[in-house]
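Here are my notes on the model, in numbered points. Please read them with the structure open.

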Amino acid sequence: MTTVSVILPTYNEKDNITPLVEAVLRSSQHPTSVWVVDDDSPDGTWQRVAEMASHDPRVHLIHRTDAKGLTSAIARGIRDSDGDIVVWMDCDFSMPPERIPALVNAIVRESADIAVGSRYVAGGADVGHSLMAQAFSRTINLAAGLLFGFGVHDYTSGFIAARRVVFERIELTGDYGEYCIDLLVRSQRQGWRVVEVPYLCVERQSGQSKTGVNAMDYIRRGRHYVTTIGRLALHHRP
């Protein structure tokens, strides 16, 4: 029987985390465990998860006080969890937990190795971000598609399901969302089968966005994305 581990990297998500964990478990179609990797949130997020974990063996807390960052949190969750398939997503309800079964089924039933929740295929859309954020995302994804192919349309998704075996050959690298471009490009180059599953990205339910609030934030983040795309493009040249 296929087992699933859902990894939720958190920082200051106290108002979202309890209903999100409940929604993940409620929507699951396979034996599922939830692994919350919290970077010592000062708002009490990890305490709420600890309370849930004390009553539900499917819920696990990884409380980090010696490390921070999205990419390393996801990597830690992959390493500590035990599901045959690992899933991760943002914790603000912009990515609907009800779409997790569709991602998992793309692997179980369609023999994919990686399933990407995509805003940019038929049936998907982004109504949750500002026009500036959407323009930034579209530009980065257009550049990635032109260089690496449009087998993936949402290289910056961050809503991913993958077979655990993938991570025996690929280590997540990066500081923030650029890790996703690196993962998807290298996965395709190594021959893993990547498919996209549409989802509707909606507004954050509660709390403050960590993506960006002004043009300078996007420029600062954008440098990392552009550097990652350039490195991958140069590395693949004969």
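1. Aromatic pairs. This is a predicted model, and the count of aromatic ring pairs in it comes to five. Take Phe136 and Tyr225 to begin with. Their ring centres are 5.5 Å apart and their planes stand at 90°, so this pair is edge-to-face. Tyr225 is buried, at 7% relative accessibility.

2. A further edge-to-face pair. Phe148 and Tyr155 have ring centres 6.4 Å apart, with planes at 65°. That angle is over 60°, so the pair counts as edge-to-face. Both partners are buried: Phe148 has a relative accessible area of 16%, and Tyr155 has 0%.

3. An aromatic cluster. Trp88, Phe167 and Tyr179 are linked into a cluster by ring pairs.

4. The sheet. Seven strands form an open sheet in the order β3-β2-β1-β4-β7-β5-β8. The pairing is mixed. Which strands stand at the edges? They are β3 (59-63) and β8 (194-198). Each has a single partner strand, so one side of each lacks a neighbour in the sheet. From one strand to the next, the twist averages 20°.

5. Strand β1 and its burial. How many of the seven residues of β1 (residues 4-10) are buried? Seven of the seven are, so the strand is largely enclosed by the rest of the structure. In a regular strand, side chains alternate between the two faces of the sheet. Here both faces of β1 are covered. Val4, Val6, Leu8 and Thr10 are buried on one side. Ser5, Ile7 and Pro9 are buried on the other.

6. Partners of β1. Strands of a sheet pair through backbone hydrogen bonds, in either the parallel or the antiparallel sense. With strand β2 (residues 32-38), β1 pairs in the parallel sense over seven bridges. Thr10 stands opposite Asp38 of β2. Between these strands the chain passes through helix α1 (residues 14-27), and the β-α-β crossover is right-handed. With strand β4 (residues 85-88), β1 again runs parallel, joined by four bridges. In that pairing, Val4 stands opposite Ile85.

7. Helix α1 on the sheet. Look next at how α1 sits. It lies across β1, β2 and β3. Its direction is at about 155° to β2.

8. Cysteines. A disulfide is a covalent bond between the sulfur atoms of two cysteines. How many disulfides does a search of the whole structure find? It finds zero. Cys180 is in no disulfide, and the nearest cysteine sulfur, in Cys201, is 13 Å away. Seen from Cys201, the closest cysteine sulfur is that of Cys180, and 13 Å is too far for a bond. The cut-off for a disulfide is sulfur atoms within 2.5 Å.

9. Burial of the cysteines. Are Cys180 and Cys201 buried or exposed? Cys180 counts as buried, because its relative accessibility is 0%. Cys201 is buried as well, with a relative accessible area of 2%.

Key:
Residues are numbered from 1 along each chain as its sequence is written. This is a predicted model: local features need pLDDT of at least 70, side-chain atom pairs count only at pLDDT 80 or more; totals for chains, interfaces and linings use all residues. Side-chain values use heavy atoms; hydrogens and water are left out. Buried means under 20% relative accessible area, exposed over 50%, partly exposed in between (1.4 Å probe, protein chains only). Helices (H or I, at least four residues) and strands (E, at least two) are DSSP runs, numbered from the N terminus. Two strands pair if DSSP finds at least two bridges between them. A crossover is right-handed if, with the strands pointing away from the viewer, the path from the first strand over the helix to the second runs clockwise. Rings of Phe, Tyr and Trp (its six-membered ring) pair if their centres lie within 6.5 Å; planes under 30 degrees apart count as stacked, over 60 as edge-to-face and the rest as tilted. Axes are lines fitted to C-alpha atoms, for helices over the stretch in contact, and angles run from 0 to 180 degrees between N-to-C directions. Contact means heavy atoms within 4.5 Å.
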